[in-house]
Amino acid sequence: MSLVQPLPSGPLDIVGDIHGEIDALEPLLGHLGYDPEGRHPDGRRLVFVGDFCDRGPDSPAVLNLIVPMLASGKASAVLGNHEINLLREDAKDGSGWFFDSRRESDKPKYGPFARLPRADAPAILAELGRLPIALEREDLRIVHAAWRPDQIAMARELPAGSARQAYDRYEDAAARQARASRVAERMQEENLRWPHSLEDPKAPPPFLAAHSENELAKAMVNPLKVLTTGVERECRTPFYAGGKWRFVERVAWWDEYADDTAVIVGHYWRRLLPGDAAAHGAQAENLFGHTTPLSWHGLRGNVFCVDYSVGGRWVARLNGEDPQRRFKLAAMRWPERTLVFDDGVQAASENFGQTS
């Protein structure tokens with residue numbers, strides 16, 4: 001067994017990014033027909049695309065519901081970038097429910113949020129550490145962010161359960177590459193020529209080549225990072241996203257995906273209401289263009305993002321809005337290609353197999 005594992009046979013229900021929103025997950029599973037242990041009367045199977053945790057109000061409850069399903073074999077999942085952060089003890093924005101170092105800084109943005117009892121952490125981390133990077137069968141592939149042949153081939157060569165260790169090795173390789181190219185010194189030289197903070201939205205910088213090289217290497221040297229965070233390329237026109245000016249941009253990799261097999265991903269904060277503004281700064285790039293919210297997308301119309309931005313509900317709460325109006329948790333029923341949302345609404349997906 002490797003980090004690319006077989007997808008179970010039979011009909012599936014593929015659940016998008018959850019981000020600690022237990023009040024969305026529980027009703028969605030009910031609408032899909034599952035009991036709390038993950039059993040379905042018709043023998044269907046749950047598959048999760050990752051990003052169970054962070055930012056939402058109750059990541060521990062989400063994990064306490066899903067992890068036993070994974071351990072018993074009643075459900076399957078792939079790792080998302082947020083699970084990898086947990087495994088690597090990499091405390092990022094929105095992870096104050098787990099990391100003490102983020103607790104106080106996260107409270108103004110995400111509070112109140114439930115915290116995981118420290119005694120529960122080892123068993124949860126052990127189960128997450130066994131998850132693959134991708135799942136596949138003849139008619140369907142599932143990965144958190146990007147199905148790229150070269151990176152998938154590299155993941156196939158890595159043994160099951162090795163995601164954290166392999167990820168660390170690739171990050172070390174990226175760091176060695178950066179040292180060899182003196183990128184840090186060249187970034188300092190650019191900082192002297194452009195003394196304004198790159199976190200100041202009112203001071204748009206020129207293109208800074210060393211900063212771009214540094215961002216691109218961090219994104220693309222590590223194949224497991226590519227599969228769980230997506231594909232990036234140099235951007236000559238800097239743009240402000242996620243609290244800083246950026247010199248690389250995300251790529252709609254599905255516009256180059258030419259295989260026959262369908263792919264379902266999460267990660268990209270798709271918006272159900274046409275014209276809705278991005279929920280989260282880091283997702284500000286419009287990768288879906290004019291693709292309608294229920295449509296399959298990509299070169300051959302056989303890629304689908306099932307993440308409908310439920311992670312944006314914390315923004316709505318902070319702004320006094322109805323968190324359920326714009327931000328949904330969804331599941332794709334396969335092979336029916338029908339979407340089910342956490343409010344019980346069902347909709348047929350559109351344009352499957354239509355070339356772009």
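The structure holds zero disulfides, a disulfide being a pair of cysteine sulfur atoms within 2.5 Å. In general, such a link is a covalent bond between the sulfur atoms of two cysteines. Cys 53 is in no disulfide, and the nearest cysteine sulfur, that of Cys 305, is 17 Å away. Cys 53 is buried, with a relative accessible area of 0%. Cys 235 is buried as well, at 7%. Buried means under 20% relative accessible area, exposed over 50%, and partly exposed in between, for a 1.4 Å probe and protein chains only.

This is a predicted model, in which local features need pLDDT of at least 70 and side-chain atom pairs count only at pLDDT 80 or more, while totals for chains, interfaces and linings use all residues. Residues are numbered from 1 along each chain as its sequence is written, and side-chain values use heavy atoms, with hydrogens and water left out. The predictor's confidence in each residue is its pLDDT, from 0 to 100. The mean pLDDT of the chain is 93, and 96% of its residues reach 70 or more. Over residues 277–284 pLDDT stays under 50, and the model has 21 contacts beyond four places in sequence for them; a contact means heavy atoms within 4.5 Å. Where pLDDT is low, the predicted coordinates should not be read in detail.

Next comes helix α1. Helices (H or I, at least four residues) and strands (E, at least two) are DSSP runs, numbered from the N terminus. In α1, residues 22–32, the buried residues are Ile 22, Ala 24, Leu 25, Leu 28, Leu 29 and Leu 32. Why do they lie on the same side of α1? They cover an arc of only 155 degrees around the axis, the arc being that of the directions from the helix axis to the C-beta atoms. These buried residues of α1 pack against β2 (12–15), β3 (45–48), α2 (59–72), α11 (313–318), β11 (330–334) and β12 (338–341). After α1 comes Gly 33, whose phi is positive, near 100 degrees.

In soluble globular proteins, nonpolar side chains tend to be buried together.

The structure holds 15 aromatic pairs. Rings of Phe, Tyr and Trp (its six-membered ring) pair if their centres lie within 6.5 Å; planes under 30 degrees apart count as stacked, over 60 as edge-to-face and the rest as tilted. Phe 48 and Phe 52 form an edge-to-face pair, 6.0 Å centre to centre with 85 degrees between the planes, and both are buried. Tyr 240 and Trp 245 are also edge-to-face, at 5.4 Å and 70 degrees. Here Tyr 240 is partly exposed, at 31% relative accessibility, whereas Trp 245 is buried, at 10%. Ring pairs also link Trp 253, Trp 254, Tyr 257, Tyr 268 and Phe 288 into a cluster.

Lys 225 is found in helix α10, residues 223–229. Is Lys 225 buried or exposed? Lys 225 counts as buried, at 14% relative accessibility. Leaving aside neighbours within four places in sequence, Lys 225 is in contact with Tyr 167, Glu 171, Lys 218, Ala 219 and Gly 230.
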